[in-house]
Amino acid sequence: MTAYRSDLLRTLDARGYIHQATDAAALDALAAGQVVPGYIGFDPTAPSLHVGSLVQIMMLRRLQQTGHKPVVLMGGGTGKIGDPSFKDEARKLMTDDVIAANIASIQTVFERFLTFGDGPTDAVMVDNAEWLDRLEYIPFLRDIGQHFSVNRMLSFDSVKLRLDREQSLSFLEFNYMILQAYDFRELSRRMGVALQMGGSDQWGNIVNGIELTRRVDAREVYGVTTPLITTADGGKMGKTMAGAVWLNEDQLPAYDYWQFWRNTHDADVGRFLRLFTDLPLDEIARLEALGGAEINEAKKVLANEATALCRGRDAAGAASETARRTFEEGTSGDALPTHRVAGNSIGIVDALVALGLAASKGEARRLIRGGGARIDGERVNDDSASVTIGDAPVRISAGRKHHGLLLRD
């Protein structure tokens, strides 16, 4: 690890957040001597962010923990276009009302990770629609567009990959990187923001903003990116059999969120403890050194701590107790996902989908044919089978680790 002076870069480095940085020495000196406002942008494309955004949220948390000011930038303006970075096709355009509702829903998650307020290191949330919606096209092209080379923009991986695959990239999307660079310059002027952070796929956009701010305002600003977070088997962080792992409680029950972390690969436990919990590094070193079956205790700690941050300590405790009762005592806890059935029966395929144990009916049928579906512990081999619900809940299982309860309405 590099010998940084500032608590900010020492913390980010020690916990594995840094992939690339622009002029790390100058940023380190700045962070060692003053409060640095730093931001990350989030597009409100859904009512909740998912766990793939969590490393960025934790970066803002580390920023605040080390005495600096987190700025959460919601893309109410850029969200009307959509970031083309590493996407196969254009995103569906959203109305202003949908964007506003998504931002309000997403904000509730940030309030768990950050302290908001008016103090020098309190977090703030801003919406880039505040300035982007007011732009006049001709002045913007004249004042900002002149600083961007189309040749260079075409060389960025986020654009080049789309073109190499001969996939359509609209002029609307092509403008996204200019608008994101403009955001950095605008936040620098309005709030003294000196740092933009983001995933490694945002490197080109971040550098654009740094260069624009330098050219237009003669001000030095900085960028830090995180590595792409993949699992030990090479999978993308947050992708599961049942779909995205949402951060909002109304999108994903706390038990399912806890279980996602409990199911972490052995090789990922230490890294995820550093990235996604506040546990001290020496305690993490002890936990990741556990061998054999004892690594499961480290996974439970990871699940408890990560769930406590996102959903609260009580929710984490309830999920942990549900898991203990389900797997250690063979009974059913209260925090498993549930589905109420009108009448007294439901097809097993429909039950698996309704409980979120399969993302589609086709996936449910494949699960059954592969021997992975169970009703109260008994394997189901017929995808046309029905589940009868009496007075007691019926436990439906997908594999050994995913369970839900059917209740009669």
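The stops below follow salt bridges through a predicted model. The structure holds 19 of them.

**Stop 1: helix α1.** Select Asp 7 and Arg 10. Their side chains meet in a salt bridge, 2.3 Å from N to O. Both residues sit in helix α1 (residues 7-14), 3 residues apart, about one turn of the helix. Color by accessibility next. Asp 7 is partly exposed, at 43% relative accessibility. Arg 10 is partly exposed too, at 38%.

**Stop 2: a link between distant parts of the chain.** Select Glu 249 and Arg 311. Here the N to O distance of the salt bridge is 2.7 Å. The partners are 62 residues apart and join distant parts of the chain. Glu 249 lies in the loop between β8 (243-244) and α12 (254-262), while Arg 311 belongs to helix α15 (residues 295-311). Is Arg 311 buried or exposed? Arg 311 is buried, because its relative accessible area of 7% falls under the 20% cut-off. Glu 249, at 44%, counts as partly exposed.

**Stop 3: within helix α15.** Stay on this helix and select Glu 297 and Lys 300. Their side chains form a salt bridge of 3.4 Å, N to O. Both lie in helix α15, 3 residues apart, which is about one turn of the helix. Lys 300 is partly exposed, with a relative accessible area of 22%. Glu 297 is also partly exposed, at 44%.

**Stop 4: a network.** Finish by selecting Glu 130, Arg 185, Glu 186 and Arg 190. Salt bridges link these four residues in a network.

Note on methods. Residues are numbered from 1 along each chain as its sequence is written. This is a predicted model: local features need pLDDT of at least 70, side-chain atom pairs count only at pLDDT 80 or more; totals for chains, interfaces and linings use all residues. Side-chain values use heavy atoms; hydrogens and water are left out. Helices (H or I, at least four residues) and strands (E, at least two) are DSSP runs, numbered from the N terminus. Buried means under 20% relative accessible area, exposed over 50%, partly exposed in between (1.4 Å probe, protein chains only).
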